[in-house]
Amino acid sequence: MLAPGFADPVHDAQGTFRAVMDALARPGRVRALVAALAPPAPLTPELAAVALTLTDADTPVWLDPVLAAAPEVAEFLRFHTGAPLTGDPAAAAFALVREPARCPPLSRFAPGTPAYPDTATTLVLALDAVAEGEGLHLSGPGIRKAARLAPAPLPEGFVAQLAENRAGFPLGVDLILTAPGRVAGLPRSTTVTEA
């Protein structure tokens, strides 16, 4: 049986949209993400909420191997969003990553083009935890002086990958970091270093 989407599609999507946009506008700030959803496993409620809010028939979605192995996840996303699924990370507008520690290198995703940097992939990672005030050191637009953010788990060499991603600005991928009840953003404009 197909899992239901948002109980109140307009207000639930608006709340998710505001939380995600605020997180991307203020990197390093963790926002509450109320995701009253029960999507098919292993899709998390937070990944589902972001997908239901930001994807549609014009936004190809790439699923990491653990999500792609669950047919119920693809069925849920197709039914509720109409988004086409792609097996090619470079062809995706959004990438849903359930196992961040095993995420492909950021360079495998679309960085956008000089004429259309907005065609880059946005990665949405399902983390176990994300907290402010410790961990990685963040600076750049939307951050007063500096911020610290502790997301876990992360792929090996993540900070180096982010530095490479930032070096191509305005090209590069953006990241939405979700954890149970929380969301944070790492746009391509953010400089990230080890604390």
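Me: Where is Val173 found?
Reply: This is a predicted model in which local features need pLDDT of at least 70 and side-chain atom pairs count only at pLDDT 80 or more, while totals for chains, interfaces and linings use all residues. Residues are numbered from 1 along each chain as its sequence is written, and side-chain values use heavy atoms, with hydrogens and water left out. Helices (H or I, at least four residues) and strands (E, at least two) are DSSP runs numbered from the N terminus. On that basis, Val173 is found in the loop between helix H5 (158-167) and strand S8 (174-179).

Me: Does Val173 count as buried or exposed?
Reply: The scale is relative accessible area, with a 1.4 Å probe and protein chains only: under 20% is buried, over 50% is exposed, and in between is partly exposed. Because its relative accessibility is 1%, Val173 counts as buried.

Me: Which residues is Val173 in contact with, leaving aside its neighbours within four places in sequence?
Reply: Contact means heavy atoms within 4.5 Å. With the sequence neighbours left aside, the partners of Val173 are Leu106, Phe109, Ala110, Ala120, Thr121, Leu123, Asn165 and Arg188.

Me: Phe109 also belongs to an aromatic pair, so to speak of rings: why is the pair of Trp62 and Phe109 classed as it is?
Reply: Rings of Phe, Tyr and Trp (its six-membered ring) pair if their centres lie within 6.5 Å, with planes under 30 degrees apart stacked, over 60 edge-to-face and the rest tilted. By this rule the count comes to 1 aromatic pair. The ring centres of Trp62 and Phe109 lie 5.5 Å apart and their planes stand at 80°, so the pair is edge-to-face.

Me: How many residues apart are Trp62 and Phe109?
Reply: Both Trp62 and Phe109 are buried. Trp62 sits in strand S2 and Phe109 in the loop between S4 and S5, so the pair links distant parts of the chain.

Me: Which residues have the most contacts inside the largest nonpolar core?
Reply: A nonpolar core is a set of buried Ala, Val, Leu, Ile, Met, Phe, Trp, Tyr and Cys residues joined through side-chain atoms within 4.5 Å. The largest one here has 31 residues. Those with the most contacts inside it are Leu43, Leu77 and Leu96.

Me: Which element gives the most to this core?
Reply: The elements that give two or more residues to the core are helix H1 (9-25), H2, strand S2 (61-63), H4, strand S4 (94-97) and strand S5 (122-126). H2 is mostly covered, with 9 of its 10 residues buried. With 7 residues, the element that gives the most to this core is H2.

Me: At what angle do the axes of H2 and H4 cross?
Reply: Axes are lines fitted to C-alpha atoms, for helices over the stretch in contact, and angles run from 0 to 180 degrees between N-to-C directions. The axes of H2 (residues 45-54) and H4 (residues 71-81) come within 9 Å. They cross at roughly 35°.

Me: Which residues make the contact of H2 with H4?
Reply: By class, this contact has 5 nonpolar, 2 polar and no charged residues. Here Ala, Val, Leu, Ile, Met, Phe, Trp, Tyr, Cys and Pro count as nonpolar, Asp, Glu, Lys and Arg as charged, and the others, Gly among them, as polar. From H2 come Ala48, Ala51 and Leu52, and from H4 come Phe76, Leu77, His80 and Thr81.

Me: Which residue does a cis peptide bond join to Ala41?
Reply: The omega of this bond is about 5°.

Me: What is omega for the peptide bond from Phe169 to Pro170?
Reply: Pro170 has its place in the loop between H5 and S8. The bond from Phe169 to Pro170 is cis, with omega near 20°.

Me: What is phi of Lys145?
Reply: Lys145 is found in the loop between strand S6 (129-139) and strand S7 (147-152). At 79% relative accessibility, Lys145 counts as exposed. Its phi is positive, in a residue other than glycine, with a value near 65°.
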